[in-house]
Amino acid sequence: TSTAATANGSSAASSTQEREPPPSGWCRVRDHEGLPSCEWQAGWGLLGSQHILLEDNETKNTSGDSVAISWDYPNQTVDARYITINNHRIYGAGRQGISAMSGQDLTISNSYIEGAAHHAIDLEPESETNLFPIGRVTITNNVFGQSHMTIAVLGTGTCTAVTDITFTYNRQIEPNISGLPGLYAGRPKGCSRPRGPITVSNNDLWVEEWGNEGDVAAHFVGYSGVTFSSNSIKRSCGPPGCYEPNEAAVHLDGGVGHVVSNNNLAVGGYQPWPWVYAYDGWIHHSLGNRVSSCGNATAQGTDRPTAC
């Protein structure tokens, strides 16, 4: 039992009751972290906010996102605009580190994110009408520790425009533990609204193979104008060990006008497949990419091309 104060200041005994389980889809426990994962329970909710500087703040083990950006939900009148998140530190989150469900002119800079149960950064439009797109987003000079899924989802969600995304000068100091691509950008099937351009450059990325997954550093689906250049990618083996790598470092599914150039891939002593796979897309050029530490494996006698 617990003691509760009454209106006249006296005390009354009340029985301790078990909390009712949350509605389905609202909260659940992430087994690998033990944190509750609760949508909308963010450290900061910037809903329809404009001209905001969120600087020199820190969250630890939020049930939801550390920062969630959106239009003025549940209304649909004002979008989020001109928001800068700078020198922000995140240590554990039940969902994303920083998420944007809509927003224009967003900057995430000089921040540190680790322990996100989903994605460290998630650009995922949720507007069903294209009224609240995502555009002109800069993610720069951040450091990423270990999270569960990806370090950044650079656009997926509903059929809403996602344009002008820049991911540059970021550093990943630990690999993720899910085997998913480090960076992912997708387009819903049948969606004709713009996706791209997107620039990923001058980053230090780290992918780790867990069993037979985890080879892909970046995967872009249905985006046009992808520039992936001057990045350094480290590959390593997770605790389950490594099979022979079976994925390229960069996947391009559809879209036109892509550039993949001047990247460096350190493969940790085993033979990779090629630098780039392109499916139904058009690469403008793919030049100057380097591969180091290939080991002794070759493609001789097999149908597998070599990246060395």
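**Exercise 1. Find how many helices and strands the protein chain has.**

Solution. Start with the terms: helices are DSSP runs of H or I with at least four residues, strands are DSSP runs of E with at least two, and both are numbered from the N terminus. With those rules, the count for the protein chain is zero helices and 31 strands. A word on the source: this is a predicted model, in which local features need pLDDT of at least 70 and side-chain atom pairs count only at pLDDT 80 or more, while totals for chains, interfaces and linings use all residues. Residues are numbered from 1 along each chain as its sequence is written, and side-chain values use heavy atoms, with hydrogens and water left out.

**Exercise 2. Describe the protein chain by its buried share, its surface and its contacts.**

Solution. First, the buried share: a residue is buried under 20% relative accessible area, exposed over 50% and partly exposed in between (1.4 Å probe, protein chains only). Of the 308 residues, 48% count as buried.

Second, the surface: the accessible area, from the Shrake-Rupley method with a 1.4 Å probe and, for residues, with only the protein chains shown as cover, is about 14300 Å² for the protein chain. Carbon and sulfur atoms hold 48% of that surface.

Third, the contacts, meaning heavy atoms within 4.5 Å: take those between residues at least 6 apart in sequence, and 76% of them join residues at least 24 apart.

**Exercise 3. Follow the pairing from β6 through β9 to β12.**

Solution. Two strands pair if DSSP finds at least two bridges between them. Begin at β6 (residues 50-55), which pairs with β9 in the parallel sense over five bridges. Here Leu54 has Ile85 in β9 as its bridge partner. Next, β9 is joined to β12 by five bridges, and these strands run parallel. Across this pairing, Ile83 stands opposite Leu106 in β12.

**Exercise 4. Are Ser147 and His118 buried or exposed, and what lies around them?**

Solution. Take Ser147, in the loop between β16 (143-144) and β17 (152-154). Its relative accessible area is 2%, so Ser147 is buried. Leaving out residues up to four places away in sequence, Ser147 touches Glu114, Gly115, Ala116, Ala120, Asn176 and Ile177. Gly97 is 50 residues apart from Ser147 along the chain, with 9.1 Å between their C-alpha atoms.

Now His118, in the loop between β13 and β14 (121-123). At 9% relative accessibility, His118 is buried too. His118 and Ala93 are 25 residues apart in sequence, and their C-alpha atoms are 8.2 Å apart.

**Exercise 5. Which residues that line the largest cavity are the closest to its centre?**

Solution. On a 1 Å grid over the protein atoms alone, a cavity is a set of points where a 1.4 Å probe fits but cannot get out; lining residues have an atom within 4 Å of a point. The largest cavity has a volume of about 50 Å³, where volume is the space filled by probe spheres set on the points, joined across faces, edges and corners. Of the 11 lining residues, Asn176, Leu180, Trp206, Val207 and Glu208 are the closest to the centre. Strand β22 (residues 204-211) gives the most to the lining, with three residues.

Key:
1 Å grid on protein atoms, 1.4 Å probe; cavity = no way out; pocket = protein on both sides within 12 Å on 5 of 7 lines; lining within 4 Å.
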